[in-house]
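Dear colleague,

I am passing on the structure we spoke about, and below it you will find a summary of what came out of it.

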Amino acid sequence: MQHQIVSREQWLEARTALLEKEKAFTKAQERMSAEKRALPWVKIEKDYVF
């Protein structure tokens, strides 16, 4: 993969845009985790030995 060589300003602009995407991804992941934790539970009737 050949990387593009850019100025510090161009790099900072691209990094800032990627950071916004990373933040949105993290927030979506946190929402999904909260939904998982909010799922109803199932009562376990069987005895288990570990």
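Let me begin with Arg 15, which counts as partly exposed at 32% relative accessibility, in what is, please bear in mind, a predicted model. The side chain of Arg 15 meets that of Glu 22 in a salt bridge, with 3.2 Å from N to O, and Glu 22 is likewise partly exposed, its relative accessible area being 36%. The structure holds one salt bridge, although the protein chain carries 10 positive and 8 negative side chains, the centres of the two sets lying 2 Å apart.

As to the overall form, the protein chain has one helix and zero strands. Its radius of gyration is 22 Å, well over the 10 Å that the globule rule gives for 50 residues, so the chain is more spread out than a compact globule. Taken along the principal axes, the box filled by the C-alpha atoms is roughly 65 × 25 × 15 Å.

The surface figures are as follows: of the 50 residues, 0% count as buried, and the accessible surface of the protein chain comes to about 5,800 Å², of which carbon and sulfur atoms account for 59%.

Finally, a word on His 3, which is placed in the segment before α1 (8–37) and is exposed, because its relative accessible area of 57% lies over the 50% cut-off. Between His 3 and Pro 40 there are 48 Å in space, C-alpha to C-alpha, for a separation of 37 residues in sequence.

Conventions:
Residues numbered from 1 in each chain as written. Predicted model: local features only at pLDDT ≥ 70, side-chain atom pairs only at ≥ 80, totals over all residues. Heavy atoms only, no water. Helix = DSSP H or I, 4+ residues; strand = E, 2+ residues; numbered from the N terminus. Rg over C-alpha atoms; globule rule 2.2 N^0.38 Å. Buried < 20%, exposed > 50% of the residue type's maximum accessible area, 1.4 Å probe, protein only. Areas by Shrake-Rupley, 256 points an atom, 1.4 Å probe, with all protein chains shown as cover. Lys, Arg positive; Asp, Glu negative; His and termini not counted. Charge placed at Lys NZ, Arg CZ, Asp CG, Glu CD. Salt bridge = Lys/Arg side-chain N within 4 Å of Asp/Glu carboxyl O.
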